[in-house]
Amino acid sequence: MILITNNPKFRNYDHNKIKVEFYDGNYKEVLNITRDYIHNNYILLTHPLYGSVKPNETIYRSVLIKDNVKLDYDSVNIISDAISTFDKFQKNKITPNWTDRIRDDFSVIDYDLITNAINRIL
């Protein structure tokens, strides 16, 4: 399994079944990297738009994937829809330049949601 993330709380995350790929990019870059993996026979294990935080509010995104023997069309559709949704929300209102305290709050939310999902999956 691979965790694709831009959340700094995962920089030193150590789990023997998960490889962390940390990117110092934005939310959309995480979605695009995930899409590229899916096009190379990976499958989504977590939804790229999980949680109740809108794509134009948070700056952090983490997505868990695993390799698959063939192209998973459900994952292709989900990631494509997620990228379209992100773009739509950014057109309505771009993500603010949050203070460090708010950034940390979003980081904690993302971390908690994904680690809980990991615990359920494993």
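This is a predicted model: local features need pLDDT of at least 70, side-chain atom pairs count only at pLDDT 80 or more; totals for chains, interfaces and linings use all residues.
Trainee: Let's start with helix H3. What span should its 22 residues have, and how far apart are the end C-alpha atoms?
Mentor: H3 covers residues 100-121, and at 1.5 Å a residue it should span 32 Å. The end C-alpha atoms are 31 Å apart, which agrees.

Trainee: Which residues of H3 are buried?
Mentor: They are Phe106, Ser107, Asp110, Ile114, Thr115, Ala117 and Ile118. Seen down the helix axis, the buried residues fall within an arc of 155°, so they line one face of H3.

Trainee: Why would residues three or four places apart point the same way?
Mentor: An α-helix has 3.6 residues a turn, so residues with that spacing point the same way.

Trainee: And which residues are exposed on the other side of H3?
Mentor: Arg101, Asn119 and Arg120 are exposed there.

Trainee: What covers the buried residues of H3?
Mentor: The cover includes two strands, E1 (2-5) and E4 (62-67).

Trainee: Stay with E1. Which of its residues are buried on each side?
Mentor: Ile2 and Ile4 are buried on one side, and Leu3 and Thr5 are buried on the other. Both faces of E1 are therefore covered.

Trainee: How does E1 pair with E2, parallel or antiparallel?
Mentor: E1 and E2 (residues 19-22) run parallel and are joined by four bridges.

Trainee: What about E1 and E4, parallel or antiparallel?
Mentor: That pairing is antiparallel, over four bridges. Here Leu3 has Leu64 in E4 as its bridge partner.

Trainee: Back to Thr5. What does it touch?
Mentor: Thr5 sits in strand E1 and is buried, with a relative accessible area of 0%. Leaving out residues up to four places away in sequence, Thr5 touches Phe10, Val20, Glu21, Phe22, Tyr23, Val30, Arg61, Ser62 and Asp110. Asp110 is also one of the buried residues of H3.

Trainee: How far is the C-alpha atom of Thr5 from that of Glu29?
Mentor: The two C-alpha atoms are separated by 9.4 Å, with the residues 24 places apart along the chain.

Trainee: Which residues line the largest cavity?
Mentor: The lining is Tyr50, Gly51, Val53, Thr58, Tyr60, Arg61, Phe106, Ile109, Asp110 and Leu113.

Trainee: Now Phe86. Is that one buried or exposed?
Mentor: At 8% relative accessibility, Phe86 counts as buried. Phe86 lies in helix H2 (residues 73-92). Leaving aside neighbours within four places in sequence, Phe86 is in contact with Tyr27, Lys28, Leu31 and Pro55.

Trainee: How far apart are the C-alpha atoms of Phe86 and Ser107?
Mentor: They are separated by 18 Å, and the residues are 21 places apart along the chain.

Trainee: Last one, Asn41. Where is the place of that residue?
Mentor: Asn41 is in the loop between helix H1 (27-38) and strand E3 (42-44). Asn41 has a positive phi of about 70° although it is not a glycine. At 28% relative accessibility, Asn41 counts as partly exposed.

Conventions: Residues are numbered from 1 along each chain as its sequence is written. Side-chain values use heavy atoms; hydrogens and water are left out. The expected span of a helix is 1.5 Å times one less than its number of residues. Buried means under 20% relative accessible area, exposed over 50%, partly exposed in between (1.4 Å probe, protein chains only). The arc is that of the directions from the helix axis to the C-beta atoms. Contact means heavy atoms within 4.5 Å. Two strands pair if DSSP finds at least two bridges between them. On a 1 Å grid over the protein atoms alone, a cavity is a set of points where a 1.4 Å probe fits but cannot get out, and a pocket is an open set with protein on both sides within 12 Å along at least five of seven lines; lining residues have an atom within 4 Å of a point.
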